[in-house]
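Look through the structure first, then read the points by topic.

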Amino acid sequence: MASAPREQWTSRTGFLLAAVGSAVGLGNMWRFSYLTAEHGGGAFVLLYLALTLLIGLPVLLAELVLGRGAGRSPVEALAHYGGRSWRPLGWLFVAAGLLILGYYSVIAGWTLRYALTAVIGGFPEDPGAFFGEISSGPAALVWHLLFMGITVAVVAGGVKGGIERTSLVLMPLLFALVIGLAVYAAALDGAASGYEFYLAIDFSQIWSFETLHAAAGQAFFSLSLGMGAMLTYASYLSRREHLPNASLVIAGADFAVAFVAGLAVFPLIFALGLSGDVGESTVGALFITLPKTFAGMGAAGRVVGLLFFVALAVGALTSAISLLEVVVASVMDGLGWERRRAALLVGPAIALVGIPAALSLDVLGTMDQIAGNVLLVLGGLFLAVFVGWVMRDPMAEVQPGAEGVGWFALWRWLLRIPVPIILVIVLWQSLQALLGE
Ligand code: TRP
């Protein structure tokens with residue numbers, strides 16, 4: 001099969017920025033803020049942080065270990081350590097990648113469309129109607145296809161020349177934009193009520209299964225876990241990399257960006273007293289409420305809004321390339337295809353998967369539910385069981401580059417018992433919620 005030596009990242013920073021780029025995306029800004037708004041503010045943030053540490057971090061390290069250890073894409077990596085019978089799980093990952101990128105690209109298309117609007121005509125007076133027009137139908141389709149085209153172009157450029165180079169440029173830009181927006185928002189009148197909603201913790205909200213499964217699904221989605229994206233990126237790593245440290249940096253940066261984005265979003269929403277609109281449309285919250293704010297801010301609103309949607313688009317791109325890379329790498333490893341050919345075949349296939357989401361907001365919302373709360377959690381459950389119970393000596397694969405780290409035993413124990421238990425509960429809840437709808 002594939003005889004060319006495997007591609008590698010050029011530097012540690014390159015890998016870390018690419019992995020953080022995968023993690024940081026629409027999940028941190030769009031998904032995180034609408035879930036926080038829906039589930040009571042601070043309580044949700046706290047639970048999400050706790051689950052990131054308790055289940056996100058261990059599963060992230062598990063993916064890194066599997067990927068680097070095997071040096072293959074998910075299907076082959078699972079077969080390498082667990083035997084052929086684990087292959088179907090790898091294909092489930094690939095299927096999840098197809099599904100997620102399909103609708104993710106539609107939302108990313110909206111962000112491009114909004115950025116253009118900021119430049120050309122300014123934000124519309126009635127963002128609800130505007131969102132209705134561009135979120136589904138031909139307009140959504142065109143921007144979806146454009147975004148997929150850009151994503152394919154980056155991935156076709158390879159691990160170093162495409163993915164790493166893009167991340168090195170775009171991630172610092174994204175950090176600067178998000179921080180800048182949060183600083184700007186802090187100066188707005190009325191910012192305080194935004195902070196209060198975002199940061200005050202109402203403990204009665206924490207003990208709800210609904211909040212639990214939303215927060216767990218979000219921890220997985222935001223860290224790009226449960227479908228082999230981190231696994232695939234780690235397969236391009238050398239044995240010198242310190243995986244536990246890498247997992248801490250990735251999870252830390254991902255949470256930090258979500259948190260700081262919230263520091264921008266909530267004061268912006270509350271500054272104009274628009275908090276009542278947050279519940280209007282879950283999926284559309286960010287795309288309706290914030291433009292209202294921007295439209296109400298005059299010329300400054302146009303600039304701030306532009307920067308905001310550029311930040312979203314940038315985050316979406318570095319995440320989308322990781323989703324596409326899972327599928328492309330699997331085709332390369334599985335069929336022995338060359339990268340460009342694989343990218344040019346897989347890209348259009350994903351564009352097709354996204355078409356129903358581009359035509360109906362309901363379909364898009366359902367795809368997001370199925371992917372985020374079911375497929376990723378299921379994938380994470382299997383990954384935890386695989387590395388916790390099936391893989392013979394995961395410690396031997398963490399060790400290179402990380403000798404003398406003391407918490408390996410704790411990590412394996414978490415993967416063996418607490419993580420699967422929590423994930424089974426979450427999965428059960430998610431399925432019930434989904435079927436109840
Ligand atoms: N984590 C990204 C975000 O927050 C989305 C993403 C990229 C993703 N790759 C993934 C989600 C793999 C799940 C699995 O926007």
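A cavity is a set of grid points where a 1.4 Å probe fits but cannot get out. Its volume is the space filled by probe spheres set on those points. The model described here is predicted. Two cavities of 30 Å³ or more are found in it, and a search of the whole structure gives 28 aromatic pairs.

**The largest cavity**

- The largest cavity holds about 150 Å³ of space.
- Its lining is made up of 18 residues. Those nearest the centre are Ser-22, Ile-100, Phe-221, Ser-224 and Leu-323.
- Five helices each supply at least two residues of this lining: helix 1 (12-23), helix 2 (26-38), helix 5 (87-120), helix 11 (209-222) and helix 15 (299-335).
- Sorted by class, the lining of the largest cavity has ten nonpolar residues, eight polar ones and no charged ones.

**The second largest cavity**

- In the second largest cavity there is about 80 Å³ of space.
- Twelve residues line the second largest cavity, and Ser-33, Tyr-34, Ile-269, Ala-285 and Leu-286 lie nearest its centre.
- Helix 2, helix 13 (243-271) and helix 14 (285-296) are the elements that give two or more residues to the lining of this second largest cavity.
- The lining of the second largest cavity divides into ten nonpolar and two polar residues, with no charged residue.

**Aromatic pairs and a cluster**

- Of the 28 aromatic pairs in the whole structure, one is formed by Trp-9 and Tyr-233, with ring centres 5.2 Å apart. The planes of these two rings meet at 75°, so the pair counts as edge-to-face, the cut-off for that class being over 60 degrees.
- Trp-9 and Tyr-233 are both buried.
- A second pair joins Tyr-198 and Phe-266, whose ring centres are 5.0 Å apart. Their planes are at 20°, so this pair is stacked; planes under 30 degrees apart count that way.
- Because Tyr-198 belongs to helix 9 (residues 191-199) and Phe-266 to helix 13, the pair ties together parts 68 residues apart in sequence.
- Tyr-198 has a relative accessible area of 0% and is buried. Phe-266, at 1% relative accessibility, also counts as buried.
- Tyr-198 and Phe-266 belong to one aromatic cluster, together with Phe-32, Phe-44, Tyr-48, Phe-197, Phe-255, Phe-259 and Phe-270.

**Arginines over tryptophan rings**

- Arg-341 is placed over the face of Trp-337, at 4.0 Å from the ring centre.
- Arg-416 lies over the face of Trp-389, at 4.3 Å from the ring centre.

**Leu-381**

- Leu-381 is part of helix 17 (residues 361-390).
- Is Leu-381 buried or exposed? Its relative accessible area is 13%, so Leu-381 is buried, as buried means under 20%.
- Leaving out residues up to four places away in sequence, Leu-381 touches Pro-420, Leu-423, Val-424 and Leu-427.
- Leu-381 and Arg-31 are 350 residues apart along the chain, and their C-alpha atoms are separated by 22 Å.

Methods
Residues are numbered from 1 along each chain as its sequence is written. This is a predicted model: local features need pLDDT of at least 70, side-chain atom pairs count only at pLDDT 80 or more; totals for chains, interfaces and linings use all residues. Side-chain values use heavy atoms; hydrogens and water are left out. On a 1 Å grid over the protein atoms alone, a cavity is a set of points where a 1.4 Å probe fits but cannot get out, and a pocket is an open set with protein on both sides within 12 Å along at least five of seven lines; lining residues have an atom within 4 Å of a point. Helices (H or I, at least four residues) and strands (E, at least two) are DSSP runs, numbered from the N terminus. Ala, Val, Leu, Ile, Met, Phe, Trp, Tyr, Cys and Pro count as nonpolar, Asp, Glu, Lys and Arg as charged, and the others, Gly among them, as polar. Rings of Phe, Tyr and Trp (its six-membered ring) pair if their centres lie within 6.5 Å; planes under 30 degrees apart count as stacked, over 60 as edge-to-face and the rest as tilted. Buried means under 20% relative accessible area, exposed over 50%, partly exposed in between (1.4 Å probe, protein chains only). A charge sits over a ring if NZ of Lys or CZ of Arg is within 6 Å of the ring centre and within 35 degrees of the ring normal. Contact means heavy atoms within 4.5 Å.
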